[in-house]
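Hi,

Here is the structure I promised to pass on.

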Amino acid sequence: MSTLPNQNIMRKNAFLDDAVLFRFSSLLPTPLLAGFEEIGAFVASREAQDLARLANIHRPILRRENEWGDGIQQLETHPAYHALLRRSRQAGLCSSLWENGPAENGVRYQSRAIRLFLMAGLETGHLNEITSTSAGISALIGESDLFAKWQNALLSRQHDYSSRPISAKRSATLTFACDDIKNNLQNIPHVSTATRISFDAANGRDLYRIDAVKQSVLNPMSDGYFVTAEVGGQKCCFFISRFLENGTLNGDLSVDFLIHRAGECSAPEGQVTFHDSLGWLIGKIGEGDKVIRDVETMTRFDQAVISTGVLRAALQSGILFFRRFNPRQVLPPLTERVFADLALDVVASQCLVMRLARAFDNAASNRAEAAFARIMTPIVAIHINELVVPVIGEIIAQMGAQAFMFDSRLARMLVDAPMRTIKGNGGNDIVVDTIRLGERAPGLFQGLLDQIGRDIGAAGPKTVEILHAAAQVAISDVGAGRLFIEQMAYAGAAAALQQADMPHITAAYIESRLGGQWRSSYGMLSARHHAGHILDTLYPAV
């Protein structure tokens with residue numbers, strides 16, 4: 001007998017059909033459920049699937065001249081891409097963390113995580129613009145004068161892709177331009193510079209002129225950019241609006257070219273040049289890295305949620321593929337074992353990101369939760385992001401060539417899958433930073449391990465002992481850091497699963513991940529864990 005609710009599972013709805021997500025949402029205020037259900041219905045619709053397909057077939061185009069031959073810079077994206085953006089903004093994915101409405105008080109991260117998870121199962125390319133804008137707001141909100149000036153546009157749930165000053169728009173987008181171009185022969189980065197030119201009386205702060213060339217800029221024609229540049233040899237972060245208040249372009253600001261990635265083809269990305277562009281300092285002189293690190297925490301959390309949504313949608317597709325050919329909806333025995341093994345990692349990822357969301361919601365009032373969010377966010381991000389490629393690859397291997405047709409949903413997921421790892425970028429940096437944090441703040445780390453050990457239950461003391469041993473090895477041998485990060489992720493996921501009240505699934509996960517042998521492929525789950533029961537619980541037949 002399943003411990004999860006089975007009501008409404010006959011409806012074709014990405015939210016209602018996900019028993020685990022439904023359980024988490026049942027702990028949130030009831031008025032939020034209707035919004036989740038609405039997104040779930042859209043994501044599962046034929047209309048939404050067509051929008052996702054069209055947005056990726058028709059890549060963004062950078063037009064340099066109009067029909068009369070006049071020089072212009074115009075980024076053309078397919079209407080399907082804008083339709084997806086409109087849906088995600090309407091759902092509050094850009095703004096809900098920073099709104100003041102009472103409906104989501106105390107659960108803003110959790111409720112947004114559910115909505116982001118659902119949209120990620122549909123299409124991930126357009127979410128680059130969504131997540132960078134949300135992260136940008138987190139950086140700008142500390143600069144009260146600048147934020148107040150554009151607050152209405154930044155927190156708007158409308159979608160406005162017109163080219164005008166931010167103050168004249170119904171909504172605005174933000175992006176980050178932090179990667180300097182490098183000399184291809186010597187691999188020496190071009191140095192971006194900023195020079196103070198005057199005091200901006202209107203905004204009560206210094207005004208700087210920025211010269212920079214930045215590569216790999218997502219949504220390169222955003223309304224506002226966070227740009228890193230040096231002032232007197234010290235790295236700083238500046239905010240540059242694309243258009244000045246008088247409607248003219250901010251200096252010689254241009255998109256040099258678009259970058260065409262193999263995955264997430266819907267998302268525009270390019271190299272941007274800033275010359276004589278005016279901007280305001282974010283934070284203090286020399287705090288550029290700190291500003292970006294704070295933003296990275298936000299983006300890493302979002303990428304972990306997005307990857308989890310992709311994992312769930314991919315496995316759901318694989319299971320439905322086999323069930324549709326079998327009236328009894330029974331999977332082939334070995335496939336059932338493989339899919340059940342995959343399902344353990346997927347449900348653990350779901351529980352882990354929702355646990356992380358709860359930590360962010362409680363961080364302001366609970367030091368232990370703040371420590372959990374600080375330490376576990378990069379660990380969770382690298383772990384879940386790196387699951388996407390092998391999981392989707394295994395699903396397609398089980399389904400065969402039929403799953404790899406041109407324009408098929410799973411084929412697009414597989415092509416997009418490496419982007420999940422890329423966007424959890426700095427995997428090696430995360431390992432090193434985590435080890436250093438453990439050395440600098442042993443008390444903080446010990447408190448987290450004790451908390452995880454308590455939450456795991458009977459297996460907790462042994463797990464904490466293993467984590468201590470792995471940490472000590474990693475301190476003396478950084479090459480062992482990956483093992484330590486993986487064990488931390490498994491332990492955190494096991495603790496989160498314990499709180500989700502699924503004892504048979506939790507037992508299978510703990511035995512196979514925390515106590516099992518080294519595993520290089522899926523399908524080695526012990527028969528006593530009953531693969532069919534796991535799948536029927538997590539993916540009930542519809």
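To start with the cysteines: is Cys178 buried or partly exposed? Cys178 counts as partly exposed, because its relative accessibility is 21% (buried means under 20% relative accessible area, exposed over 50%, partly exposed in between, with a 1.4 Å probe and protein chains only).

Before you read on, please keep in mind that this is a predicted model: local features need pLDDT of at least 70, side-chain atom pairs count only at pLDDT 80 or more, and totals for chains, interfaces and linings use all residues. Residues are numbered from 1 along each chain as its sequence is written, and side-chain values use heavy atoms, with hydrogens and water left out.

Back to the cysteines. The structure holds zero disulfides (a disulfide being a pair of cysteine sulfur atoms within 2.5 Å). Cys94 is in none, and the nearest cysteine sulfur, that of Cys178, is 18 Å away. Cys178 is not in one either; its nearest cysteine sulfur belongs to Cys237, at 6.1 Å. Cys94 counts as buried, with 2% relative accessibility.

Now the charges. Side chains of opposite charge can pair when their charged atoms come close. The count here comes to 26 salt bridges (a side-chain nitrogen of Lys or Arg within 4 Å of a carboxyl oxygen of Asp or Glu). One of them joins Asp145 and Arg205, with the closest N and O atoms 2.9 Å apart. That pair links distant parts of the chain, as Asp145 is in helix 7 (residues 144–154) and Arg205 in strand 6 (residues 205–218), 60 residues apart. Helices (H or I, at least four residues) and strands (E, at least two) are DSSP runs, numbered from the N terminus. Arg205 counts as buried at 15% relative accessibility, while Asp145 is partly exposed at 26%.

Asp206 and Arg196 also meet in a salt bridge (3.2 Å, N to O). Asp206 lies in strand 6 and Arg196 in strand 5 (residues 193–200), so this pair ties together parts ten residues apart in sequence. Arg46, Asp50 and Arg53 are linked in a network of salt bridges.

Lastly, the backbone. Most residues other than glycine have a negative phi. Glu264 is not a glycine, yet has a positive phi of about 50°. Glu264 sits in the loop between strand 9 (252–258) and strand 10 (269–282), and counts as buried at 3% relative accessibility. His530 has a positive phi too, of about 55°, in the loop between helix 17 (503–514) and helix 18 (531–538).

Cheers
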